[in-house]
Amino acid sequence: MTKLTIAKAINAGLRRAMERDPKVVLCGEDIGTLGGVFRVTEHLQKDFGEDRVRDTPLAESGIMGTAIGLALRGYRPVVEIQFDGFVYPAFDQIVSQLAKLHHRSQGRVKLPVVVRIPMGGGIGAVEHHSESNEAYFAHTAGLKVVFCSNPEDAYWMVQQAIESDDPVILYEPKRRYHEKGEVDLDAQSAPRDLFGAHVLREGTDVTLACYGPMVKTCLDAATAAEDEGHSLEVIDLRSISPLDIDTLTASVAKTGRMVVVHEAATFLGVGAEVAAQVTERCFYQLEAPVLRVGGYNVPYPASKVEEDYLPDLDRVLAGVDRSLAY
Amino acid sequence: MSSDSGVAVTPEVGDPFARVVPPPDPDRRPGGSYGSPEMIQILTPEGEFIEHPQYGRFLEDLTDDDLRGFYRDQVLIRRLDTEATALQRQGQLGLWASMLGQEAAQVGCGRAMRPQDYAFPGYREHGVAWCRGVDPLELVALFRGTNKGGWDPAEHNFHLFTIVIGNQVLLATGYAMGILLDGDVGTDDPERDTAVMAFFGDGATAQGDVNESFVFAAVHNAPIVFFCQNNQWAISEPNWRQTAIPLYKRASGFGFPGVQVDGNDVLATYAVTRAMLERARSGEGPAFIEAFTYRMGAHTTSDDPTKYRVSAEVEVWKHRDPIARLKVYLSRSGKADSAFFADVEAEADALAEKLRRETHAMPDPTPESMFDHAYSEPHAQVDRDRAEFRAYQEAFADVEGEQA
């Protein structure tokens, strides 16, 4: 086992994928000599060359559209979008072409493209650098949308996403990039399915469903709740499209309560979908409505007040208390 | 800078604030001018062959069979296009985007491509599709709503039609970058060296994707030919709403050559495209071709061009017809006789009849097929939705069973 940060784990995963398959190429802004603004691709250009680690012009639609073209030629491009808020120029290419070509071609055209997006807030950034825009992509059929929350998942999920023949949006929690965890770099196969939820902590009173940067927050909340005598189950969704609803319903069958936690605004967000699906399936087992704790329905605020916008341990526990009060 | 009379004059040398070109003149209408003085033309509208010092050599190895083939291609696709428009009017198609008037532009470049070259069309490239061997019935199936593109792109090296204006140009550029990575340029192996043709119209030149394509292709020196059919109209918007300078002049700003060719002249279009494709395949990078042509019909069958353009303009362009001039040339030069022309007409009628018959016989897809291929690998939500749809349908079957 090796202790790695999430950023280093993704780097190791990319390196392993590139060693295994010469068709894997990386495309993005500043990912070469600089190693990316978060250094996720550090040293890769030095080791794999400029053809495979490609510094692109500063045009996200261009990066995305040419990556699709490379995939049509038989490559497996991994695109880095520098920050969540910069993906919108590429939105058209992602939604109109990347997501739809397999369907449009009746399965003849496969697009094994990975779009890596550092996401979320909590780093004191200026505007457009702290967004959680996963619902846009999860709402688009043809895309798969996953989040890593820890170094081991980061290492494996990026490799699994690259191996997938479908386009995958891989969200990386940028404020957790430098948090460390154990990764077994000698393991030969992934410990779990790319699209399966993972029960990280078992509990009996309330289920916390979360993903990305909120996983650590929820685990901390569960530890704190234990002191108050509440047993919380924490599930890392990992994939929001497809959604592993069976793991969620199995948990709710046990606890009878669920709180969904994410940084994105709750209105029409992933939590709304989870709440609807869990309620449809577990109506008679629920002791309380499925509740949501997330961002407010405003543009992401200035960083001096972002801590009040983002769910934290106390807001998660307040959500748990609301659920238990029914 | 303009003089008092409103006539544009050349900006003074050294004036950093002068416009490069005069502002658009709202009274300017397509149809007046016939391209720029630099436009490459080899076959005049009257069918006169003019030797071209630079591009003439790209026609040297054409046989009379090839020339008759250019004529046959154009007549057949015009007939297919007319038939498809009729099929739409008869309710067999939801929509049709006619290419009437653009036959030479598409046959000229389509026949300049080699089998290994790859084309990325918009949605009006029926003539290019024909040259790439795509069954016209597949084009009709798309506009009928039977599917969203039924041909195998890899079989024809002809990508699916792209409806979002300009999207395909970036895909084409990426594909060309992949050719570079594969080392399939500049090897001097005519079977191996490969280039890409990206198709788009004058309207698309305003799109970010198209301009980004120019940047990406230029900095990578990608083997791609940007083929813009300037048919003068982007639905109702004339050229001068899209661009302040002639389109082919934009290329130099991006760092590669731009050529304006008479898009109604199949020989000039063939020669220029072949030149630029050979250049790209040999590793010399991208080029931009503006094929100056005219959309004789409506934008699509849903459009009414009488709302925005005058019939006199269409009349002017009728005299520039691409097929008529080639027929005159072939007749006068003795390269084709009346029997040949009669045979082509008969073949066109038979082809149209076949298209009509097969369109009427085309089965609808099964409703459940909508769930196929949303993903290449399983997706739990699609599986759930498919199961729900199936259960809903089966509920009707039960009711019908009870009633029976």
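This is a predicted model: local features need pLDDT of at least 70, side-chain atom pairs count only at pLDDT 80 or more; totals for chains, interfaces and linings use all residues.
In chain B, the centres of domain 1 and domain 2, taken over C-alpha atoms, are separated by 41 Å, and the domains themselves run over 56–360 and 371–403 respectively, with bounds that come from an automatic or database domain assignment. Residues are numbered from 1 along each chain as its sequence is written, and chains are lettered from A, and ligands numbered from 1, in the order in which they are written.

Chain A also has two domains in its assignment, domain 1 at 2–183 and domain 2 at 198–324, and here the centres, again over C-alpha atoms, are 26 Å apart. Across that boundary, 23 residues of domain 1 of chain A are in contact with 22 residues of domain 2 of chain A, where contact is defined as two C-beta atoms, placed from the backbone, lying within 7 Å. On the domain 1 side, helix H6 (134–138), strand E6 (144–147) and strand E7 (168–173) of chain A each supply at least two residues, and E6(A) has the largest share, with 4 residues. Helices (H or I, at least four residues) and strands (E, at least two) are DSSP runs, numbered from the N terminus.

Turning to the contact between the chains, 32 residues come from chain B and 36 residues from chain A. On the side of chain B that touches chain A, helices H6 (167–182), H7 (208–220) and H14 (380–403) of chain B each give two or more residues, and H6(B) gives the most, 11 residues. By class, that side of chain B holds 16 nonpolar, 11 polar and 5 charged residues, counting Ala, Val, Leu, Ile, Met, Phe, Trp, Tyr, Cys and Pro as nonpolar, Asp, Glu, Lys and Arg as charged, and the others, Gly among them, as polar.

H6(B) has 16 residues and reaches 23 Å from its first C-alpha to its last, close to the 22 Å expected at 1.5 Å a residue, the expected span being 1.5 Å times one less than the number of residues.

Helix H4 (residues 91–98) of chain A packs against H6(B) at an angle of about 85°, with the axes 11 Å apart. That makes H4(A) roughly perpendicular to H6(B), a term for angles of 65 to 115 degrees, as against under 35 for roughly parallel, over 145 for roughly antiparallel and oblique for the rest. Axes are lines fitted to C-alpha atoms, for helices over the stretch in contact, and angles run from 0 to 180 degrees between N-to-C directions. The contact is made by A:Asp92, A:Gln93, A:Ser96 and A:Gln97 of H4(A) with B:Asn167, B:Leu170 and B:Leu171 of H6(B).

Finally, A:Thr217 lies in helix H8 of chain A, and it is buried, with 23 other C-beta atoms within 10 Å. Leaving aside neighbours within four places in sequence, A:Thr217 is in contact with A:Pro311, A:Asp312, A:Leu313 and A:Val316; A:Asp312 is 95 residues away from A:Thr217 in sequence and 6.3 Å away in space, C-alpha to C-alpha.

Technical notes:
A residue is buried if 20 or more other C-beta atoms lie within 10 Å of its own, exposed if 12 or fewer, and partly exposed in between; C-beta atoms are placed from the backbone.
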